[in-house]
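Hi there,

Here is the structure I promised to pass on. Have a look at it first, and then read my notes below.

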Amino acid sequence: MYGPLDMVTLTGEKVDVHIMMQPPSGEWLHLDTLVTNNSGRVSYTIPETHRLGVGVYPIKMVVRGDHTFADSYITVLPKGTEFVVFSIDGSFAASVSIMGSDPKVRAGAVDVVRHWQDLGYLIIYVTGRPDMQKQRVVAWLAQHNFPHGVVSFCDGLVHDPLRHKANFLKLLISELHLRAHAAYGSTKDVAVYSSISLSPMHIYIVGRPTKKLQQQCQFITDGYAAHLAQLKYNHRARPARNTATRMALRKGSFGLPGQGDFLRSRNHLLRTISAQPSGPSHRHDRTQSLVDNERGQRSMSVAASCWGRAMTGRLEPGAATGSK
């Protein structure tokens, strides 16, 4: 999708799908060329001939027509991988505005997420926002140095985003055999986390305590700094048990630019695209510049950074955890 709010879909365009088979600095392998549907999406199943081992693999989807691109990741994990989930809007800030403002992060929130990452847990961010807001939300996470993790959005506008959150987490547990260890959010998320049979002792809620919920969760009343001290010194946060997972997961933060830089770069890109010649010979020359050979093995000069978009505009294939 293109545009400040990702409302202009890219329909019927060819998209080259690349994967880095030996991250973090291996060569890019061209898997296939797909055509976007009416909603600007593509879906691809990796064949058995390229079956992936445990690890985190960068994915790059390049639009042939204008060479905009989308980055994502495929994370292959062993069964029993433990994760900690954070509701973006409820845990970190009052909101993540789609109008370009930068809401303040709750003090200490990033340190708490990083603490769980350092213990070896898979970090999962969930939001009821539609995937058309992906680029802004991920850029906001990057701007404030939140640790790298899976980001789940709703597939477009939905009437019941809380149910969508719950169904996503149940999918991870029932079909992917992951294990929820702890969860953070606001009072509205208590029902979501209870629905996946998470212990009230491991459901942490930001907000004013209520009698109705006091037996269903732990309220963070003194801020994240005090909460982090309790996790460290009261032994309430043990290391993740699966050592294979800890070795496979990527540490560090999102590597995207802030919202302001992103919007300036995107506007420049759109102006550049509109000024470029569209003749077939020009497009052919530009396409050739990305290809090392015609049989599929391609080496690209731009390294993948994280879910979302780089300094240039890109096609968005959908939620980071959706079909590839």
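Let me start with a pair of helices: the axes of helix 2 (residues 109–118) and helix 6 (residues 224–233) come within 8 Å and cross at roughly 25°. Axes here are lines fitted to C-alpha atoms, for helices over the stretch in contact, with angles running from 0 to 180 degrees between N-to-C directions. Helices (H or I, at least four residues) and strands (E, at least two) are DSSP runs, numbered from the N terminus. Helix 2 and helix 6 are therefore roughly parallel to each other (angles under 35 degrees count as such).

This is a predicted model, in which local features need pLDDT of at least 70 and side-chain atom pairs count only at pLDDT 80 or more, while totals for chains, interfaces and linings use all residues. Residues are numbered from 1 along each chain as its sequence is written, and side-chain values use heavy atoms, leaving out hydrogens and water.

Now for the charges. The structure holds nine salt bridges (a side-chain nitrogen of Lys or Arg within 4 Å of a carboxyl oxygen of Asp or Glu). One of them joins Asp16 to Arg64, with the closest N and O atoms 3.0 Å apart. Asp16 lies in strand 1 (residues 14–20) and Arg64 in the loop between strand 3 (55–63) and strand 4 (69–76), 48 residues apart.

Is Asp16 buried or exposed? Asp16 is buried, at 4% relative accessible area, whereas Arg64 is partly exposed, at 27%. Buried means under 20% relative accessible area, exposed over 50%, and partly exposed in between (1.4 Å probe, protein chains only).

Arg51 and Glu48 also form a salt bridge (3.2 Å, N to O), and both are exposed.

Enjoy exploring!

Conventions. Angles under 35 degrees count as roughly parallel, over 145 as roughly antiparallel, 65 to 115 as roughly perpendicular and the rest as oblique.
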